[in-house]
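Student: Could you take me through this structure, please? I have not seen it before.

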Amino acid sequence: MKTIIAAGIVGLAMSVSGLAFAEPVKIGMITTLSGGGAGLGIDVRDAFALAMKQANNPDVTVVTEDDAMKPEIAVQIADKMIQSDKVDILTGIIWSNLAMAVVPSATGQGIIYISPNAGPSPLAGANCNANYFNVAYQNDNFHEAMGEYANKDYKKVYILAPNYPAGKDSLTGFKRFYKGELAGEVYTQLGQTDYAAEIAQIRASGADSVFFFLPGGMGIAFTKQWAQSGVDLPLMGPAFSFSQDVLPAIGDAALGVKNSASWSPDLDNEANKAFVEAFQAEYGRLPSVYAAQSYDTANLILSAMGKAGVSDKDAFKAALKEADFASVRGSFKFNTNQHPIQNIYVREVVKEGDVLTNKIIDTAFENHEDAYAKDCKM
């Protein structure tokens with residue numbers, strides 16, 4: 001699947017509108033638009049397109065292709081985009097195993113990669129690269145926040161996540177801050193949809209709560225099966241398990257669940273209010289954390305374009321690192337490893353009328369830095 005989005009569509013006036021960009025820029029977006037993870041990629045694609053529409057500049061071209069959640073396809077797309085499409089920037093990847101397959105090769109060829117989601121630990125630490133920026137987080141971060149929050153109420157947590165890089169980072173992050181006992185620790189198959197065995201293990205474990213990281217269709221399946229099982233334990237997770245893209249499919253089984261994120265639709269700043277309103281007007285739905293991160297990614301790129309031409313790589317990267325844009329998260333800046341320093345909140349799933357959404361109930365961390373920046377030698 002391939003689409004080309006030109007940014008010369010009349011849109012809402014934003015801070016980047018009317019900038020005298022130095023030269024045309026071609027952006028390659030590789031994201032998941034089919035299969036169980038499609039909702040995540042659709043939100044990334046749509047929010048990026050919204051920011052470009054608002055910028056209303058014909059010098060930006062976005063070429064978008066579907067990776068189908070498969071590393072080998074993502075690599076093929078990246079090679080084509082670099083060699084044939086001659087993109088200046090790559091972005092869009094949701095899944096960390098795909099990022100690990102694509103990013104080192106792309107950055108090694110001098111291509112700038114700007115992540116709107118996946119943040120595997122090697123790319124934040126020892127394998128950091130001057131051509132790699134992450135606008136979302138480092139994978140451990142949201143899970144660290146829930147580990148810290150769990151200390152308030154729970155003594156024996158059962159934890160589970162898929163067996164791929166982000167899943168391993170997830171449980172590592174949770175354990176970094178959680179001080180209690182683990183009732184169990186399980187890695188499930190990536191893309192798994194039947195969790196009967198895991199739920200039986202949890203039932204027998206003596207756990208007082210469950211922390212799980214299961215994005216997309218995995219989280220939908222687990223939460224529905226959990227509700228049907230009758231096991232009466234509190235659930236908690238990162239935003240990915242209870243993001244706006246999956247809440248309608250999960251339904252009321254998600255109500256009351258606590259989850260962590262650097263963003264929420266109710267975050268009180270002007271950029272976020274305008275974003276949520278514009279996204280709803282454009283697409284008829286609330287944005288997810290994936291959409292918020294992608295929107296920030298697009299506006300970061302646009303802000304850098306207003307200061308330097310992408311052909312001057314050093315100047316363009318310096319402009320990116322300044323992060324001189326109005327983030328929907330409010331406070332946002334890059335650490336030395338070009339990953340965010342940002343607040344991370346605890347949210348609760350609530351119902352507003354007939355719509356399930358999230359509301360901030362606590363702040364887990366202020367100006368949080370990832371654990372791997374110290375290993376980055378840039």
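Tutor: We shall discuss a domain record, a helix, the nonpolar core and some paired strands. Please note that this is a predicted model.

Student: Which residues does UniProt list for "domain: Leucine-binding protein"?

Tutor: The unreviewed UniProt entry lists residues 24-353 under that name. This span is 42% helix and 20% strand, and its end C-alpha atoms lie 45 Å apart.

Student: What about helix H1, is it mostly covered or mostly exposed?

Tutor: Helix H1 is mostly covered, with 14 of its 18 residues buried. Helix H1 takes in residues 38-55 and reaches 26 Å from its first C-alpha to its last, close to the 26 Å expected. Asn 56 follows H1 and has a positive phi, near 55 degrees.

Student: Turning to the largest nonpolar core, which residues touch the most other members?

Tutor: They are Leu 90, Phe 222 and Phe 275, in a core of 121 residues. Helix H11 (residues 289-305) gives the most to this core, with 11 residues. The core draws at least three residues from each of domain 1 and domain 2.

Student: And what does Phe 275 touch?

Tutor: Leaving aside residues up to four places away in sequence, its contacts include Ala 47, Leu 50, Trp 263 and Tyr 295.

Student: New topic: how many bridges join strand E13 to strand E14?

Tutor: There are 10 bridges, and the two strands run antiparallel. Within this pairing, Gln 342 has His 368 in E14 as its bridge partner. Two residues separate the strands in their hairpin, where Gly 353 in the turn has a positive phi of about 65 degrees.

Student: Where does Lys 258 stand?

Tutor: Lys 258 stands opposite Glu 348 in E13. Strands E11 and E13 pair in the antiparallel sense over four bridges.

Note on methods. Residues numbered from 1 in each chain as written. Predicted model: local features only at pLDDT ≥ 70, side-chain atom pairs only at ≥ 80, totals over all residues. Heavy atoms only, no water. Expected span 1.5 Å × (residues − 1). Buried < 20%, exposed > 50% of the residue type's maximum accessible area, 1.4 Å probe, protein only. UniProt positions renumbered as here; feature names shortened; annotations may be inferred. Core = buried A, V, L, I, M, F, W, Y, C linked by side-chain atoms within 4.5 Å. Domains from an automatic or database assignment. Contact = heavy atoms within 4.5 Å. Pairing = 2+ DSSP bridges.
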